[in-house]
Amino acid sequence: MNAIEAPAKSVAPWIAAEALAHTAVERIQNWWERAQHVYPANTQKAWRCDWATFMSFCGPRGCCPLPATPDTVAAFVAYCRNAGRKPATVRRYLSTIAVAHRVAKFVNPCADEAVQLEIKGLYNALSARQRQARALGWAEIQRFLATAGNSLPATRERALLCVAYDTMARRNELVALDVDDFRLLTDGTGRALIRRSKTDQVGEGNTSYLSRTTVRYLKLWLKAAEITEGAVFRRVIGRGTAKYLPTGRGRIAERPSVDAIAQAFKRVAKWIKIPPDEVAQVSGHSIRVGATQDLLALNIDLASVMQAGRWKTNRMPMRYGEHVLAARGGMARAAEVQGRNNAHSKS
């Protein structure tokens, strides 16, 4: 499947489909103008990439992507299966295809039985299990806090790690944080307002607790970077301990990209000497996973974990904490009572 360039951000990705009626084009354009003010940038980026993938399949085969026939979509699913695409990825492709047809007011081909059978075949052939990001828990964060030195990047990374841990924030939530979103209390703790999240698209907002440790490192970063308004976490160009130096080292720049968060976490993992193969598994979700595991290991109830991570269902926290939960499950407790965990027990 040859990748093709995704449409510009200002243009609906499915507008490029050939043989579209003028009325369908108008519906898509009107919807896209409204959607850009409602849907997160990452969702729009996923739509563009997914649609480019579907177009790259349809083009060489002479298939019409919009409206697509059920046979075309079923063949696309079969192609993805043979290419070894993960079921979750294919599901996302189909979701994008369904959105395009709904917007243009065409019949959704993904609901057809032929497509559903291909999806079942996909799950039979491939594992639906997604690889989980390598967790970064508090013990590992502490190792970085203690050893990272006093450079400006290290000062920022300390604040970033602590805020990410306390808020269990996703990448886009971290980069969106402004100075006005923080409230530092007289008792040394603080609160952070997550204005919008994956499970809060309308922007009602959620307030997260900040520990004294987090507030201390956050204050150090804001003071060192001379940030009094706007974005809290920003790019640091070069190294240094002052905002501006004659050589340009240590210069504070603009708000980072969401991908920069994952890169920062990987640098932290390398610094504390996590094995290279595990560093490769570190992502922007690693601290969110680590915090979940830490909370469950401390016997924090699942409802509180869900509240801290802004989840509406328990599926993801249970997935993140499955190893912790297994060690506290019925069979683990039975093994203790029956003596099967005794070092001298015999089979």
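Predicted model: local features only at pLDDT ≥ 70, side-chain atom pairs only at ≥ 80, totals over all residues.

Q: OK, and how many bridges join β2 to β3?
A: Five bridges join them, with β3 covering residues 206–210, and the two strands run antiparallel.

Q: What about β1 and β2, how many bridges there?
A: Three bridges link β1 (residues 182–184) to β2, and that pair is antiparallel. Phe182 sits opposite Ala192 in β2, and Leu184 is opposite Gly190 in β2.

Q: What sits between β1 and β2?
A: They form a hairpin with five residues between them. Gly188 is in the turn, and has a positive phi of about 95°.

Q: So what's the strand order in the sheet?
A: The order is β1-β2-β3 in an open sheet of three strands, with antiparallel pairing. β1 and β3 are at the edges with a single partner strand each, so one side of each has no neighbour in the sheet. On average, neighbouring strands here are turned by 20° against each other, if you ignore direction.

Q: Switching topic: which residues touch the most other members in the largest nonpolar core?
A: Leu174, Phe182, Trp221, Val232, Phe233, Phe265 and Ile287, out of 55 residues in that core. Several elements supply at least two residues each, among them β2, α9 and α10 (258–271). The largest share is from α7, with nine residues.

Q: What is Phe233 in contact with, leaving aside its neighbours within four places in sequence?
A: The list is Arg156, Ala159, Leu160, Val163, Leu174, Leu177, Trp221, Arg255 and Pro256.

Q: And what's in the second core?
A: That one is separate and has 31 residues, including Trp14, Trp32, Met55 and Cys80.

Q: Now the helices. At roughly what angle do α2 and α4 cross?
A: Roughly 95°, with the axes of α2 (residues 41–61) and α4 (residues 87–103) coming within 9 Å. α2 and α4 are therefore roughly perpendicular to each other.

Q: Which residues make that contact?
A: From α2 you have Ala46, Trp47, Asp50, Trp51, Thr53 and Phe54. From α4 there are Arg92, Tyr93, Thr96, Ile97, Val99 and Ala100.

Q: How many of those are nonpolar, polar or charged?
A: The contact of α2 with α4 has eight nonpolar, two polar and two charged residues.

Q: Last bit, the big picture. How many helices and strands are in the protein?
A: There are 16 helices and five strands. The protein has 347 residues, and 43% of them count as buried.

Q: And what share of the contacts with a separation of 6 or more is between residues 24 or more positions apart?
A: That share is 60%.

Terms used:
Residues numbered from 1 in each chain as written. Heavy atoms only, no water. Axes fitted to C-alpha atoms, helices over the stretch in contact; angles between N-to-C directions. Helix = DSSP H or I, 4+ residues; strand = E, 2+ residues; numbered from the N terminus. Parallel < 35°, antiparallel > 145°, perpendicular 65-115°, else oblique. Contact = heavy atoms within 4.5 Å. Nonpolar A, V, L, I, M, F, W, Y, C, P; charged D, E, K, R; others polar. Pairing = 2+ DSSP bridges. Core = buried A, V, L, I, M, F, W, Y, C linked by side-chain atoms within 4.5 Å. Buried < 20%, exposed > 50% of the residue type's maximum accessible area, 1.4 Å probe, protein only.
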